[in-house]
Amino acid sequence: MSAAKPFAIPKGLVYEAFLAVKANAGAAGVDKETIEDFEQDLKGNLYRVWNRMSSGSYFPPPVRAVAIPKKTGGERILGVPTVADRVAQTVVKSVLEPLLEPIFLPDSYGYRPDKSALDAIAVTRERCWRYDWVLEFDIRGLFDNIPHALLLKALEKHTDCEWVRLYIRRWLTAPMQRADGTLVERTKGTPQGGVVSPLLANLFLHYAFDAWMARTFPEIPWCRYADDGLIHCKSEMRALAVKAALADRLAQCGLEMHPDKTHIVYCKDQSRKGRYPVTKFDFLGYCFRRRLVKNSKRNTLFVSFTPAVSASALKSMRQTTRRLNYRNRTELSLKDIARLHNPVLRGWIGYYGRFCPSALYPVLRHFDKTLAAWAMRKYKRLKGHKTRACRFIENIAKRQPDLFVHWRKRPAAGLA
């Protein structure tokens, strides 16, 4: 390490960071440079990132503000960094994450290696069988409202790496650039869309919620995925008490529970009786509620409080199929559509088909009906004959069950 390079950052770390950024793809930032553009002079661009980070002269450009619609309505503003900035953030994340992972608690599931949303669903299902009540909470605008001073205090507790702390401070205050070019100063929060932001949010909530729950209510199980959380209680009174305490705790940390997304839910099943206003909740795309399920060993039916794909997730999947507009793309063959859509179907089935897979059938039938509509437009003999077109798709599914991934375990109901 020379006087000109006060920070010892291995060049290999920068190259590995680029490979991770490339694998994650993503849009261009304020400089409009894509990953493909960045690769045109990969050696030079990576050297510039390394040189500036090693010398302490790296200053992140503004992040590009991108509005994306929320499933529940309204918009969420993402801050999209440039490709070079994503590489720099990935370098810092690769150093910081191994320091923080050991202190994070097992029931924090969001944005962590070797943990997934499906893990959170599985543990929640099991706990809903054992606890009558759930406090479902959502933190309003987490990424926009994290106080910088408290976050940096937590960061300094776990790393004395000067350059990691330096660049995180700079990222926290980098402005956001709107579509009209105006810059918005940021005095709190960490932009949703940044590579290092989820890790910083987890660090903040580790102290604001996770460790606080373990210390204050050690007997109560909880589960958190980013800003969505669940707390399981034995009684409604206990759930109300925890809700009040949590509201106070979040306020001390500069945060607020979302009033419209926070509920106390009764996990009503076959054994739990009584009338209560809220007996279901959505979590990570699954709806937990009272359902009729089958005991495969005894071949009997019973009522259980279990998860299945939520109505909002089904709606979103149908909207995706409509947006792709296959019904009007008559230039494509069925094999072309399979090549394009099988990765999407595989993702839906892999995630939403893990628990109560039969609940996913409506969206799969909707896609098959889209194929029937495509066939009616592509083939003159099927034009105006919906029933005949449905039968045409069903016959292909029988002959070629491997063409589409959902045809391999096709429900008997078909397109009816």
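The protein contains 14 helices and eleven strands, where helices (H or I, at least four residues) and strands (E, at least two) are DSSP runs numbered from the N terminus. The model is predicted, so local features are reported at pLDDT of at least 70 and side-chain atom pairs at pLDDT 80 or more, while totals for chains, interfaces and linings use all residues. Residues are numbered from 1 along each chain as its sequence is written, and side-chain values use heavy atoms, with hydrogens and water left out.

Along its principal axes, the C-alpha trace spans about 75 × 60 × 40 Å. The accessible surface comes to about 21,100 Å², and 52% of this belongs to carbon and sulfur atoms; areas were computed by the Shrake-Rupley method with a 1.4 Å probe, and for residues only the protein chains shown count as cover. Of the 416 residues, 47% count as buried (buried is under 20% relative accessible area, exposed over 50%, partly exposed in between, with a 1.4 Å probe and protein chains only). Among contacts (heavy atoms within 4.5 Å) with a separation of 6 or more, 68% are between residues 24 or more positions apart.

In soluble globular proteins, nonpolar side chains tend to be buried together. A nonpolar core is here a set of buried Ala, Val, Leu, Ile, Met, Phe, Trp, Tyr and Cys residues joined through side-chain atoms within 4.5 Å. The largest such core has 66 residues, and M53, V92, W163, Y167, I168 and I231 have the most contacts inside it. Helix α9 (residues 197-216) gives the most to this core, with ten residues. Apart from it lies another core, of 56 residues, which includes L118, V309, W348 and A397. Leaving aside neighbours within four places in sequence, Y167 is in contact with F7, R52, M53, G56, S57, Y58 and V92.

F281 lies in strand β9 (residues 281-283). F281 counts as buried because its relative accessibility is 2%. Residues up to four places away in sequence not counted, F281 touches T124, C128, V134, E136, L230, V265, Y286, C287, F288 and F305.

A search of the whole structure finds zero disulfides, a disulfide being a pair of cysteine sulfur atoms within 2.5 Å. For C253, the nearest cysteine sulfur is that of C233, 19 Å away. C253 counts as buried because its relative accessibility is 8%. C390, at 13% relative accessibility, also counts as buried.
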